[in-house]
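Work through the exercises below with the model open. Try each task before reading its solution.

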Amino acid sequence: MRHVNIPVFIPHLGCPHDCVFCNQRVISGQRDFDPDSLEGIIEKALATVSQGDDVEVAFFGGSFTGIDRELMISLLSRTEPYIKSGRVSRLRCSTRPDYISEEILDILARYSMETVELGMQSLSDDVLSASFRGHTAGDTLRAAELILKRGMRLGGQMMIGLPLSTPKRELETARAICDMGCSEARVYPTIVFEKTALAAMMRRGEYTPLTVADAAKRCADVLRVFDERGVHVLRVGLCDSEGLHSAECVGGPVHPAMGELSRSVIFRENIAYELEKSDIHGGSVTVLVPRGAVSAAVGNRGENKRFFMSEYDIKHIKFREDESLHGYEAKVTREVICAADFT
């Protein structure tokens, strides 16, 4: 069964806060939202799905539970016919921790809302304050508890490289996301957009954005935490449609495949560990990785492959899939292979 997500972006509606990094109108690619466009968005997406696909409508972009109550209920009620007909299986939304209450959850439960993603960003109060988030770590923990008590799935969205953030604080946030019961997560390195407080801070020298390499490493470290704890990572980094190549993107680790870069870091570290453990230096080597992981193991433009050949004096290295391996597991063996098999 193929999972299909139909995103409905509601840019910045319902959120009076101006977090240092936020320019939702750029990130979502929309400056306004016409409620009457809802059915058109859903119908257009449904025209591309196949019978039996698992279809979910997702309200993203703004703080969904903070928008005008009548508008929120209207949007939810207008998705109800799709749920009842079976054309859509469920709903999800993203919102702020301080916009969750028993009353809000009563409304969401009435309309087949299955997953609520909380924009936590950090579980450090210092980082939240420096980022002008307007809520505390305690608000996040309370919201998570309320959502889980309703039997809804909980997702956690965190950011890397916020003001005052450190690798240690990001690992603590990742662990807290696991501890509070999230079943899935998103990880976003901080990008600097024009017309934000962060852009002004950067120009005054009060904030230094992460490089692509630093962001990939710090993302990799939190991905390890989620992998070890069984929390599914839905996405790492913004995609091209989320303002990455906008003229209003003025700084930060801009890369269209941050997730792949981060996974490549993990495989480089794991494969290096296996090479050291097996005391393999020189000769020909075969590296076994899980199904679908060869590209990440080889690295962006072969970066990992070149690293292993240089650091371990390996003459030839081949990467192969092994369906018995999972996650970021890797095995290495010395091999005598034909030149025609080199990859």
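**Exercise 1. Describe how helices α9 and α10 pack.**

Step 1. Helix α9 covers residues 212-229 and helix α10 covers residues 258-277. Helices here are DSSP runs of H or I with at least four residues, strands are E runs of at least two, and both are numbered from the N terminus.

Step 2. The two helices pack at an angle of about 70°, with axes 8 Å apart. Axes are lines fitted to C-alpha atoms, for helices over the stretch in contact, and angles run from 0 to 180 degrees between N-to-C directions.

Step 3. The pair is therefore roughly perpendicular. The cut-offs: under 35 degrees is roughly parallel, over 145 roughly antiparallel, 65 to 115 roughly perpendicular, the rest oblique.

Step 4. List the contact residues (contact means heavy atoms within 4.5 Å). From α9 they include V212, A215 and L223. From α10 they include M258, L261 and I266.

A note on the source: this is a predicted model, where local features need pLDDT of at least 70, side-chain atom pairs count only at pLDDT 80 or more, and totals for chains, interfaces and linings use all residues. Residues are numbered from 1 along each chain as its sequence is written, and side-chain values use heavy atoms, with hydrogens and water left out.

**Exercise 2. At what angle do α3 and α4 pack, and which residues meet?**

Step 1. Helix α3 (residues 69-85) and α4 pack at about 20°, with axes 10 Å apart. So α3 is roughly parallel to α4.

Step 2. R69, M72, I73, L76 and E80 of α3 meet E103, I104, I107, L108 and R110 of α4.

**Exercise 3. In what order do the strands of the open sheet with β10 run?**

Step 1. The order is β11-β10-β12, with mixed pairing. Strands pair if DSSP finds at least two bridges between them.

Step 2. β11 (316-321) and β12 (331-334) are edge strands, each with a single partner, so one side of each has no neighbour in the sheet.

Step 3. β10 (residues 284-289) pairs with β12 in the antiparallel sense over 4 bridges. V287 has V332 in β12 as its bridge partner.
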